[in-house]
Amino acid sequence: MCHFIKKIFFVTAFTLIAMSACNTPEPVYVLDKAPLIPLPSSVVASDEVMPLGAIGSIRTIGADERLNAITQNFINFWKKHTQQDLLDAVDAIDGDGAITIEIDKSFSPEQEAYKLEIASDKITVKGKTTEGVFRGLKTLEQLVVLSKLRGGTLFLSLPGGEITDQPTYGYRGAMLDVARHFFSVADVKRYIDLLSIYKINFLHFHLSDDQGWRIEIKSWPQLTEIGGQTEVGGGEGGFYTQEDFKEIVKYAADRFITIVPEIDLPGHTNAALASYAELNCNGKATELYTGIEVGFSTLCVDKEVTYTFVEDVIREISEISPGPYFHIGGDESHVTPEKDFNRFMSRTLAIVKKYNKTPMGWYELITADIPEETLLQYWAKTEDFSKVIPKKSKILISAASYNYLDMKYDSLTPLGLSWAGYLPIKKAYDWDPLTLVPDLDSTQIIGLEAPLWTETIEDFDDIAVMAFPRIIGHAEIGWTNATLRKWEDYAHRLSFHGQLLEALDVKYHPATEIDWK
Ligand code: NGO
């Protein structure tokens, strides 16, 4: 043991004391008491302790391109938080003194499953896929950061033991409305970084609405030249070029987050109707809109040019969206007569399929004749919802009164809306997607998504304070089996994550429900 301690002799005064005793430093947490979120499926602590100096290299088994990038990021992480260099030892055979990252195809049938083992002189992260290994490294990173935040200069070791883990739901999403207010590529990347800490794996982009069109469509340039130029309140708006969008898609993919593009149709389309007169039934362009009413706009369902427009948009966006889904909105089309809406949707969903995407939409789609694989997003109570059951559609739960991050925490919250009630931290955590909507078959539910609508959200701090900490709870609902989730235990673990967010300079809602450390 002494040689490790010698190695870090000059680093802090504490190590001096430790060296004189020449004892293995105590870890800040025992592994099964570490406040990890999401809570892993199984954590077994051991008596072993891994001094930080015990690890000198990182080696990969079954490496591929993506794994190499992840390894490099992890080396940077380790250096930043432990001040130790890790040698990238791809071919090393002996695992002692190393972090080993191993892809083992026979490890588990589950894509994202992983095993993390910490022993006195080595760490192993194993998964069936690179994605599984990535989730395991995120757990290890969280353990390091939480230990460091609590231990300060006393953080010199990690606790031994074994974590085996896999998610409950394959879809654990967040949604960002960039139409009501526009957010820069840098803001989006920052949000993605934070989501990846908590193992969120989908980011749904609400790219168009009455107030703004936010993605460049080369065949319809006025959509952004006109429709991208304002936002709620009359600010200057903005849009992503296709290159920006590709950059976001890649950044997210490197963190195993899939982007889901949404173009909201046929309602919520005033920005498009203001950009092109021919999309209106009366042939006249509308005025740009900067208010927050909904349900007043519609594409002209009877005009053939509408379908040329829809196809061009779906084609161009599909070409730069490697993910499986294309979201076509469908919510609150109050001024589109039902039979027109259904006709429009049938054609539009066929176009989505033509470009090899799985259609996705808000639950209002159920009145139309939809392909069976369509993913429906449940967001509000509705009598009609049970109609989806015979269709065997898959459901994504985004209940306004449980998942909407734009709902105020309480009556004192300055930002946000409250039409679906207040959403304090406990309410946002303490529920089960399986039982929330009556009459749904559990096999239909593929996961949950937390939307952040941005009528009142103007900058990154606003995003952060509404999302955090509620999205952390949503991430745990999506990952951790309901039988393992208990509010008191979660509230205790969460109390350590305020410091984590502060260290990242992320504003969060310091609710009094939590005894923040
Ligand atoms: C509704 C509406 C959005 C609003 C949001 C505000 C859906 C699916 N459509 O949710 O346009 O922005 O509420 O909470």
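This is a predicted model: local features need pLDDT of at least 70, side-chain atom pairs count only at pLDDT 80 or more; totals for chains, interfaces and linings use all residues.
**Ground rules**

I number residues from 1 along each chain as its sequence is written, and for side-chain values I use heavy atoms, leaving out hydrogens and water.

**The open sheet**

I began with the strand order. It reads E1-E7-E5-E6-E4-E2-E3, an open sheet of seven strands with mixed pairing. My strands (at least two residues) and helices (H or I, at least four) are DSSP runs numbered from the N terminus, and two strands pair if DSSP finds at least two bridges between them. Strand E1 (42–51) and strand E3 (87–88) are at the edges; each has a single partner strand, so one side of each has no neighbour in the sheet.

Next I looked at E5 and E6. Strand E5 (residues 114–118) runs antiparallel to strand E6 (residues 123–127), and five bridges join them. Tyr114 is opposite Gly127 in E6.

What lies across these strands? I found helix H4 (residues 130–151) there, over strand E4 (98–103), E5, E6 and strand E7 (157–165), at about 40° to E5.

Ser108 counts as buried at 12% relative accessibility; my cut-offs are under 20% relative accessible area for buried, over 50% for exposed and partly exposed in between, with a 1.4 Å probe and protein chains only. The Ser108 side chain reaches the backbone nitrogen of Glu110 at 2.9 Å. Leaving aside neighbours within four places in sequence, Ser108 is in contact (heavy atoms within 4.5 Å) with Ala113, Lys128 and Gln166.

**The barrel**

I then traced the other sheet: a closed barrel of eight strands, E8-E9-E12-E13-E14-E15-E16-E17, with parallel pairing. On average, neighbouring strands here are turned by 30° against each other, direction ignored. As one example I took strand E15 (residues 375–378) and strand E16 (residues 394–397), which pair in the parallel sense over four bridges. Leu376 faces Ile395 in E16 across that pairing.

Helix H16 (residues 470–479) packs on this sheet, touching E8 and strand E17 (445–452), and its direction makes about 175° with that of E17. Is H16 enclosed or exposed? Ten of the ten residues of H16 are buried, so the helix is largely enclosed by the rest of the structure. Among them I noted Arg470, His474, Glu476 and Trp479.

**Aromatic pairs**

I counted 26 aromatic pairs. The rule: rings of Phe, Tyr and Trp (its six-membered ring) pair if their centres lie within 6.5 Å, with planes under 30 degrees apart called stacked, over 60 edge-to-face and the rest tilted. Phe182 and Tyr240 make a tilted pair, 4.7 Å centre to centre with 50° between the planes. They are 58 residues apart: Phe182 is in the loop between strand E8 (171–177) and helix H5 (185–197), Tyr240 in the loop between helix H6 (222–225) and helix H7 (242–254). Phe182 is buried at 18% relative accessible area, and Tyr240 is buried at 0%.

The rings of Phe205 and Phe245 also form a tilted pair, with centres 6.2 Å apart and planes at 45°. Phe205 lies in strand E9 (residues 202–206) and Phe245 in helix H7, so this pair ties together parts 40 residues apart in sequence. Both Phe205 and Phe245 are buried.

I logged one aromatic cluster as well, made of Trp362, Tyr363, Trp379, Tyr404, Trp419 and Trp453.

**Charges over rings**

Here I need NZ of Lys or CZ of Arg within 6 Å of the ring centre and within 35 degrees of the ring normal. The charged end of Arg470 sits over the ring of Tyr409, 3.7 Å from its centre. Lys517 lies over the face of Phe496, 5.0 Å from the ring centre.

**Ser208**

My last stop was Ser208, in strand E10 (residues 208–209). Ser208 counts as buried at 1% relative accessibility. A polar atom of the Ser208 side chain lies 3.1 Å from the backbone nitrogen of Asp264. Not counting residues up to four places away in sequence, Ser208 touches Ala179, Trp213, Glu262, Ile263, Asp264 and His268.

Methods:
A polar contact is a pair of N or O atoms within 3.5 Å; within protein, one must be able to donate a hydrogen and the other to accept it, and residues adjacent in sequence count only if both atoms are side-chain atoms. Axes are lines fitted to C-alpha atoms, for helices over the stretch in contact, and angles run from 0 to 180 degrees between N-to-C directions.
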